[in-house]
Amino acid sequence: MAATQRILIENCAIATVDGDGTEYASGHLLIEGNRIEAVGEGPAPVQLPGAVRRVDATGHLATPGLVNTHHHFYQWLTRGLAQESNLFDWLVTLYPVWGRIDEAMVHAAARGSLAMMALGGVTTASDHHYVFPAGAGDLLGAEIRAAREIGVRFTACRGSMDRGVSHGGLPPDFAVEATDDALAATERAVREHHDPSFGSMLRIAVAPCSPFSVTTELMREAAALARRLGVRLHTHGSETVEEEKFCHELFGMGPTAYFEATGWLGPDVWMAHCVHMTDADIAAFSRTGTGVAHCPSSNARLAAGIARVPDMLAAGVPVGLGVDGTASNESGELHTELRNALLINRLGPHRERALTARQALRLGTRGGAEVLGRAGETGSLEAGKLADVVLWRIDGLGHSTIADPVAALVLGPPAPVTLSLVNGVPVVENGRLLTADEDTIARTARAESRRLATAAGR
Ligand SMILES: [Zn+2]
């Protein structure tokens, strides 16, 4: 190796999102390799030996990279469909299309999803993939390849469905797996790909899809498998009133009680949505340390309702943000979720006190890292943590007159990303993706989207 390459970012506002919410009106960040070496007020304190790249970040806000905690990359190919549907109608419309996906389609969709998020300041992504049609190829491998190509830190959630229509579930039978096959493939994915080390670029989680598409046996066995392998658990929970009704009819209890009965509450679990939660449900999440992926845009698009985020935060529940699949949130980037988390929760009972701009930023960074089990590594700008850093330009047309840098980022239009570092490596510079060509990704995704529509007979 040559002399240590450092990156020094100076003259910018900094929101560290550390435990004390430390901010600097004008500060510096020093990065060495894949770690943050120092962060502080004013210019860097010392003459730095060796090779240093100096970035004059005047007019910018530096934050931790955004963390996305829930997504379905493959839906990049089926955006803009079933526009006036609730969750169950939307699923019934789309399952037959999704049941025709293959490896090339998933690779193109993952590249599109990841590129979109990276351009919007996401440095850690996760994906929940649960559609594995027979003979479709290595779908999880296609996603992992795409994340490596785009250069984003990644948690791949190996999902599954084994309750088809003929067993009282919602998905068509040809889109589901046999229970044992799903468990074996999930274990194989963990053994082949999961890297538990500090700074890992790839983790695997165990992730059956939802109570209405998965048997109780698979829920129980998946929880046992994840604990045996030492990986995290993820699924959808309490998304809609219809789901609540389904759980009561089929299991004689609500979703949270069902999760508890099947081993699905714990500090190693995070659940997407959690819209329809009673006080007792929130208390159960708090008691067990179960995390939540809040997806406000998707919940609004499917008219699911407003998750009780202020109550969850007050109870100490870990909460992060999720884009959710782009068939229910066509924007596909996380800034929208920061903004909508604040705006939509203010339409709930807590009104103007529901969430502050700083709480919204925290959800999208540190909160997401907590939910993914990575709060010791990323999610805040602190010495020793990973160099996942975004520089947002806030002196341009959209932001120059907003009084407060954090309000500019959360309440303003999407801020241009001047620099995004993942693991200390520049992935976005001056609004351009450095790791791939955006137009090529767009063209390939459109071609694969058309191929999928044709395969599904649409
Ligand atoms: Zn989802």
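## Contacts around L29

Two residues are in contact if their C-beta atoms, placed from the backbone, lie within 7 Å. By that rule, L29 is in contact with I9, I14, I36, V39, A62, L381 and V389, leaving aside neighbours within four places in sequence.

This is a predicted model: local features need pLDDT of at least 70, side-chain atom pairs count only at pLDDT 80 or more, and totals for chains, interfaces and linings use all residues. Residues are numbered from 1 along each chain as its sequence is written.

## Two domains

The domain assignment, automatic or from a database, gives domain 1 (6-64 + 386-433) and domain 2 (66-371). Their centres, taken over C-alpha atoms, are 30 Å apart.

Across the boundary, 24 residues of domain 1 are in contact with 25 residues of domain 2. On the domain 1 side, α13 gives the largest share, five residues. That side divides into 18 nonpolar, five polar and one charged. Here Ala, Val, Leu, Ile, Met, Phe, Trp, Tyr, Cys and Pro count as nonpolar, Asp, Glu, Lys and Arg as charged, and the others, Gly among them, as polar.

## The core

The largest nonpolar core has 143 residues. Such a core is a set of buried Ala, Val, Leu, Ile, Met, Phe, Trp, Tyr and Cys residues joined through C-beta atoms within 7 Å. Buried means that 20 or more other C-beta atoms lie within 10 Å of a residue's own. L29, A62, A109, L114, A118 and V152 have the most contacts inside this core.

Helix α2 (residues 103-119) supplies the largest share of the core, eleven residues. Helices are DSSP runs (H or I, at least four residues), numbered from the N terminus. Domain 1 and domain 2 both give residues to this core, so it lies between them.

Key: Buried ≥ 20, exposed ≤ 12 C-beta atoms within 10 Å, placed from the backbone. Helix = DSSP H or I, 4+ residues; strand = E, 2+ residues; numbered from the N terminus.
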